[in-house]
Amino acid sequence: MITCPTVRKDLIRYHYNLSTVFYRLLWGPHIHHGLWSGDEPIAQAQIQLTQRLAQEAGVQPGDRILDVGCGMGGSTNHLARQFNCHATGITVSSLQAHWATWSARLRRLTDRANFLCQDVEQAEFEPNSFDVVWSIECTEHLFDKPTFFSRAARWVRPGGRIAICAWLAGDELKSETDRQQVFDVCEGFFCPSLGSAADYVDWLQSAGMEMTATYDWTDSVMRTWEICRDRIRRTGIRHLARLIDQDTVLFLDCFDTILNAYRTGAMRYGCFVAEKPTTSPD
Ligand SMILES: C[S@@+](CC[C@H](N)C(=O)[O-])C[C@H]1O[C@@H](n2cnc3c(N)ncnc32)[C@H](O)[C@@H]1O
């Protein structure tokens, strides 16, 4: 695992309160990578990633889902609409929680989708209260990842699943350059640490979960950053960011860093699904 001690929770919250509008302009309502099989547009590739995770997690109509780090409610609203799930989204950003709530209202989903502005590392939920604890690209921001997974394992019912997509540090970082690339990504994208695929499997298993799927999707998601970088070059987004805040400019400039880290293998992109055994004492 690569750690970055300068990242603080208040900086993460500030970043998402300030930069969500940039994510909306660049990426649409989903703040996550796309999953490509051909040359689909990015919005479709993002839905493909969401659908694929839902398939891997075995999401069923009516499931109770906790969407950890829900952003603008992209997954939460999608799962509520497509699968008739009862989905709760949680985000550390008050702006995102309001945005997601309005988005659910516009789509007439308020009976099935609700949103909390809370730090998931402090949040409490009843044991066994969800069929699926779902998280796309949020666990990177958590400070104590093993504890998060053991708490999430309590929240999920026996037979329920934890389904995760996450940016990863490469399993074997061979050089100081590789480690520096991952560190730069952590710093630029406000991640206190990036775990490897082996770390994620270890955290889930140590929490009492049984792995049902582990995928490396790096090659199928990497194009996200080529598209975003081109969009920044073609549009005035960087100039707009300069008027607002220097950290947002640095964040936009980091898009090349992450692309390079994927290309060199210093970073990977993983999907993990694990099931809570039905014999669990919880
Ligand atoms: C890259 S965005 C992903 C958003 C969403 N999952 C999606 O795919 O559109 C990361 C999300 O994690 C949230 N987040 C970061 N740290 C968090 C924490 N401690 N508790 C709750 N949410 C957190 C951010 O507010 C943001 O919504």
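The axes of helix α6 (residues 176-188) and helix α12 (residues 255-264) approach within 9 Å and cross at roughly 145°. This crossing is left-handed. On the α6 side the contact is made by D178, Q181, V182, D184, V185 and G188, and on the α12 side by T257, I258, N260, A261 and T264. By class, the residues of the contact of α6 with α12 divide into four nonpolar, five polar and two charged. The model described here is a predicted one.

A further helix pair is formed by α5 (residues 145-155) and α7 (residues 197-206), which pack at an angle of about 40° with their axes 8 Å apart. Because angles under 35 degrees count as roughly parallel and those of 65 to 115 as roughly perpendicular, α5 and α7 are therefore oblique to each other. The crossing by which α5 passes α7 is right-handed. In this contact, K145, P146 and F149 of α5 meet W203, L204 and S206 of α7. The residues involved in the contact of α5 with α7 comprise four nonpolar, one polar and one charged.

Helices α1 and α4 pack with their axes 7 Å apart, at an angle of about 45°. The two helices, α1 and α4, are therefore likewise classed as oblique to each other. Residues Y16, N17 and T20 of α1 meet S94, L95, Q96 and W99 of α4. The contact of α1 with α4 has three nonpolar and four polar residues, and no charged residues.

The strands are considered next. An open sheet is formed by seven strands in the order β4-β3-β2-β5-β6-β9-β8, with mixed pairing. From one strand to the next, the twist averages 15°. In general, strands of a sheet pair through backbone hydrogen bonds, in either a parallel or an antiparallel manner. Strand β2 (residues 64-68) and strand β5 (residues 130-136) run parallel and are joined by three bridges. Across this pairing, L66 stands opposite V133 in β5.

Helix α2 (residues 42-57) packs on the sheet and touches β5, β6 (156-169), β8 and β9 (267-275). The direction of α2 makes about 140° with that of β6. Helix α4 (residues 94-106), described above for its contact with α1, lies across β3 (86-91) and β4. Relative to β4, helix α4 runs at about 170°.

Key:
Residues numbered from 1 in each chain as written. Predicted model: local features only at pLDDT ≥ 70, side-chain atom pairs only at ≥ 80, totals over all residues. Axes fitted to C-alpha atoms, helices over the stretch in contact; angles between N-to-C directions. Helix = DSSP H or I, 4+ residues; strand = E, 2+ residues; numbered from the N terminus. Parallel < 35°, antiparallel > 145°, perpendicular 65-115°, else oblique. Left-handed = near helix turned anticlockwise from the far one by under 90°. Contact = placed C-beta atoms within 7 Å. Nonpolar A, V, L, I, M, F, W, Y, C, P; charged D, E, K, R; others polar. Pairing = 2+ DSSP bridges.
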